[in-house]
Amino acid sequence: MSKSIQQVLEQDSLTKENIIQLLKSAGEDEKALFAKSSEIKLNYIGKNVHFRGLVEFSNICKKDCLYCGIRAGNKNVDRYDIADQEILKAAKFAYDNNYGSVVLQSGERSDKEFVDRIENLLKEIKILSNNELGITISLGEQTKETYQRWFNAGAHRYLLRIESSNRELYEKIHPKNDNHAHATRLKCLKDLQDIGYQTGTGVMIGIPFQTYEDLANDLLFMKEFDIDMVGMGPFIEHDETPLYEYRDQLMSLNDRFRLTLKMIAVLRILMKDINIASATALQAIDPLGREKALRIGANIIMPNITPTNERANYLLYQNKPCIDEGADDCTNCMEARINMADGVIGYGEWGDSRHYANRRKNS
């Protein structure tokens with residue numbers, strides 16, 4: 001006889017079967033899961049929610065991932081690349097408004113011009129903020145040497161989503177070539193850890209061909225890899241991508257949303273002291289999506305401070321929220337959302353992963 005959800009939640013550790021049971025929970029069982037994850041978050045992380053001012057500075061990408069709206073093969077995208085001064089202005093806005101941290105994100109490139117440019121931008125952001133702004137970067141797969149250069153220049157957190165820990169599933173949602181190899185993704189994550197980054201990853205939830213077992217394995221992968229931070233959200237299809245043809249096989253958007261919340265809750269139970277972001281994609285499905293994630297386990301939120309005139313062109317998926325808001329609007333909106341979720345904004349703090357500190361201490 002399988003255990004009740006309550007019995008599962010009282011265990012010290014969770015098996016893959018336990019995780020699948022939690023991910024399938026509904027009604028009162030789901031409420032019990034959320035109550036447990038919320039309690040763990042308060043005990044280990046507290047009420048603080050940390051801002052990461054997000055600058056999506058370019059949608060030029062050399063990759064051709066089958067789910068992504070800015071993939072190289074999509075000819076119907078207006079490509080853009082924000083000037084360095086605009087990026088620095090956005091970072092200055094984050095600094096002046098006491099955000100504590102910024103995130104630089106773009107399509108993936110690894111040419112010398114791009115690598116040099118990022119190194120210079122990181123140094124400039126450190127100068128303009130008196131070394132006070134924390135910097136997360138999410139710029140895809142690079143060589144270990146490039147990661148080291150960027151680390152030395154001032155980046156200290158890196159988000160590289162695995163998208164799926166199942167190699168076979170990974171190969172179904174990416175072209176089958178050397179430029180999209182699962183093994184490369186894993187090696188990059190290991191390189192980032194070895195260099196000393198707070199290392200983040202994540203997955204899409206509700207992609208075609210994905211099973212509950214895949215998702216349970218994804219969570220166990222994050223725990224086994226000893227990841228410091230996670231950004232994961234519901235898969236939202238884009239009509240200019242190859243995966244769009246499988247849209248009729250997807251679970252409903254609302255089911256993807258509920259499943260994402262349960263993934264966040266189970267991850268908080270599995271990895272009590274990591275940073276978990278409340279993904280923007282949640283808000284694309286539910287107007288209060290990000291608050292709901294904060295209540296049950298997430299502790300990071302990323303106001304978009306990209307110059308407004310380019311936001312509409314950074315569409316990884318459709319119906320993306322906040323593309324017409326200015327940075328000030330976004331800040332005010334985030335403050336209101338965090339207050340609604342009973343959170344306290346950790347102004348002026350880097351909000352580093354406690355897990356990272358504990359991992360480094362014990363290594």
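Asp226 is found in the loop between helix 9 and strand 8 (229-230), and in this predicted model the residue has a positive phi of about 65 degrees although it is not a glycine. Most residues other than glycine have a negative phi. Phe209 likewise has a positive phi without being a glycine, and its place is the loop between strand 7 (204-205) and helix 9 (212-225). The two residues are set out below.

| Residue | Phi | Relative accessibility | Class |
|---|---|---|---|
| Phe209 | about 75 degrees | 32% | partly exposed |
| Asp226 | about 65 degrees | 28% | partly exposed |

Turning to the helices, helix 6 (residues 144-153) packs against helix 8 (residues 182-195) with the axes 10 Å apart and at an angle of about 40 degrees, which makes helix 6 oblique to helix 8. The crossing of helix 6 past helix 8 is right-handed. Helix 6 contributes Lys144, Tyr147, Gln148 and Phe151 to the contact, while helix 8 contributes Cys188, Asp191, Leu192, Asp194 and Ile195; by class, five of these residues are nonpolar, one is polar and three are charged.

Elsewhere, three strands form an open sheet in the order 11-1-12, and their pairing is parallel. Strand 11 (300-301) and strand 12 (344-345) are the edge strands, each with a single partner, so one side of each has no neighbour in the sheet. Between strand 1 (residues 48-51) and strand 11 the parallel pairing runs over two bridges, and the bridge partner of His50 in strand 11 is Ile300.

Technical notes: Residues are numbered from 1 along each chain as its sequence is written. This is a predicted model: local features need pLDDT of at least 70, side-chain atom pairs count only at pLDDT 80 or more; totals for chains, interfaces and linings use all residues. Side-chain values use heavy atoms; hydrogens and water are left out. Two strands pair if DSSP finds at least two bridges between them. Helices (H or I, at least four residues) and strands (E, at least two) are DSSP runs, numbered from the N terminus. Axes are lines fitted to C-alpha atoms, for helices over the stretch in contact, and angles run from 0 to 180 degrees between N-to-C directions. Angles under 35 degrees count as roughly parallel, over 145 as roughly antiparallel, 65 to 115 as roughly perpendicular and the rest as oblique. A crossing is left-handed if the near helix is turned anticlockwise from the far one by less than a right angle, and right-handed if clockwise. Contact means heavy atoms within 4.5 Å. Ala, Val, Leu, Ile, Met, Phe, Trp, Tyr, Cys and Pro count as nonpolar, Asp, Glu, Lys and Arg as charged, and the others, Gly among them, as polar. Buried means under 20% relative accessible area, exposed over 50%, partly exposed in between (1.4 Å probe, protein chains only).
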